[in-house]
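Work through the exercises below with the sequence and the model side by side, and try each task before reading its solution.

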Amino acid sequence: MLLYRVREGTLEVFLVHPGGPFWAKKDLGAWSIPKGEIDEGEDPLEAARREFEEETGFRPGGMFRELAPVRQRSGKIVRAWAVEGDCDSTAIRSNTFSMEWPPRSGRQQEFPEADRAGWFGIPEANEKILEGQRALMAQMELILQQEGKQQ
């Protein structure tokens with residue numbers, strides 16, 4: 001789900017930083033739209049809304065626009081919907097996942113799926129977001145330019 005808002009004619013997008021030790025010291029090229037797996041038989045849009053809520057604690061509503069799918073470097077295809085909205089990026093509440101940490105220690109630790117979130121203009125978002133998701137930013141800019149909502 002790509003949550004966006006327009007402030008003073010400037011498009012801002014909502015991104016999350018993945019939790020866990022692998023991502024802890026990574027910033028540029030590490031952020032993502034809130035996303036996840038589609039359960040068998042689940043409607044893809046409903047899956048996107050559910051995953052957004054699981055990673056942020058917020059449930060987006062409004063007019064959802066399906067964006068063209070993008071392929072990440074791993075080969076994973078990301079389907080996304082854009083929706084205009086707002087939320088407090090400092091107030092996210094994310095589900096957690098368990099993993100062995102440190103490696104080969106035999107100890108399981110819990111980590112948030114998303115450890116922080118933020119609103120970014122497109123130039124900064126393109127630096128922060130995973131390379132494979134940058135095309136989503138370009139799609140949003142184009143849509144809003146066509147509607148005359150962005151300079």
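This is a predicted model: local features need pLDDT of at least 70, side-chain atom pairs count only at pLDDT 80 or more; totals for chains, interfaces and linings use all residues.

**Exercise 1. Confidence**

Task: Find in which elements of the protein the confidence is lowest and highest.

Solution: Begin with the protein as a whole, where the mean pLDDT is 93 and 98% of the residues reach 70 or more. Then go to the individual elements: helix α3, residues 134-146, has the lowest confidence with a mean of 89, while strand β9, residues 114-121, has the highest at 97.

**Exercise 2. The partners of β2**

Task: Work out which strands are joined to β2, and by how many bridges.

Solution: Start from β1, which runs antiparallel to β2 and is joined to it by 4 bridges; within this pair, Arg-7 stands opposite Thr-10 of β2. The hairpin that β1 and β2 form has 2 residues between the strands, and here Glu-8 adopts a positive phi near 50 degrees. Next turn to β9, which is also antiparallel to β2 and is connected to it through 7 bridges, with Leu-15 having Gly-118 of β9 as its bridge partner. Finally, consider how covered β2 is: 8 of its 9 residues are buried, so that the strand may be described as mostly covered, given that buried means under 20% relative accessible area.

**Exercise 3. A loop residue**

Task: Decide whether Glu-42 counts as buried or exposed, and identify the backbone nitrogen that lies 2.9 Å from a polar atom of its side chain.

Solution: First locate Glu-42, which belongs to the loop between β2 and α1. Its relative accessibility is 19%, and therefore Glu-42 counts as buried, the cut-off being under 20%. Then look at the side chain of Glu-42, one polar atom of which lies 2.9 Å from the backbone nitrogen of Asp-39.

**Exercise 4. Two pockets**

Task: Describe the lining of the largest pocket and that of the second largest pocket, stating which element gives the most to each.

Solution: The largest pocket holds about 330 Å³ of space. Its lining is made of 18 residues, and those nearest its centre are Pro-18, Trp-23, Lys-35, Glu-55 and Glu-113. Sorting the lining of this pocket by class gives 9 nonpolar, 4 polar and 5 charged residues. At least two lining residues come from each of β2 (10-18) and α1 (44-56), and β2 gives the most, with 3 residues.

The second largest pocket has a volume of about 240 Å³. It is lined by 15 residues, with Gly-36, Ile-38, Ile-77, Val-78 and Arg-79 closest to its centre. Two or more residues of this lining are given by α1 and by β5 (77-78), and α1 gives the most, with 4 residues. By class, the lining of the second largest pocket consists of 9 nonpolar, 1 polar and 5 charged residues.

Key:
Residues are numbered from 1 along each chain as its sequence is written. Side-chain values use heavy atoms; hydrogens and water are left out. pLDDT is the predictor's confidence in each residue, from 0 to 100. On a 1 Å grid over the protein atoms alone, a cavity is a set of points where a 1.4 Å probe fits but cannot get out, and a pocket is an open set with protein on both sides within 12 Å along at least five of seven lines; lining residues have an atom within 4 Å of a point. Grid points are joined across faces, edges and corners, and a volume is the space filled by probe spheres set on the points. Ala, Val, Leu, Ile, Met, Phe, Trp, Tyr, Cys and Pro count as nonpolar, Asp, Glu, Lys and Arg as charged, and the others, Gly among them, as polar. Buried means under 20% relative accessible area, exposed over 50%, partly exposed in between (1.4 Å probe, protein chains only). Two strands pair if DSSP finds at least two bridges between them. A polar contact is a pair of N or O atoms within 3.5 Å; within protein, one must be able to donate a hydrogen and the other to accept it, and residues adjacent in sequence count only if both atoms are side-chain atoms.
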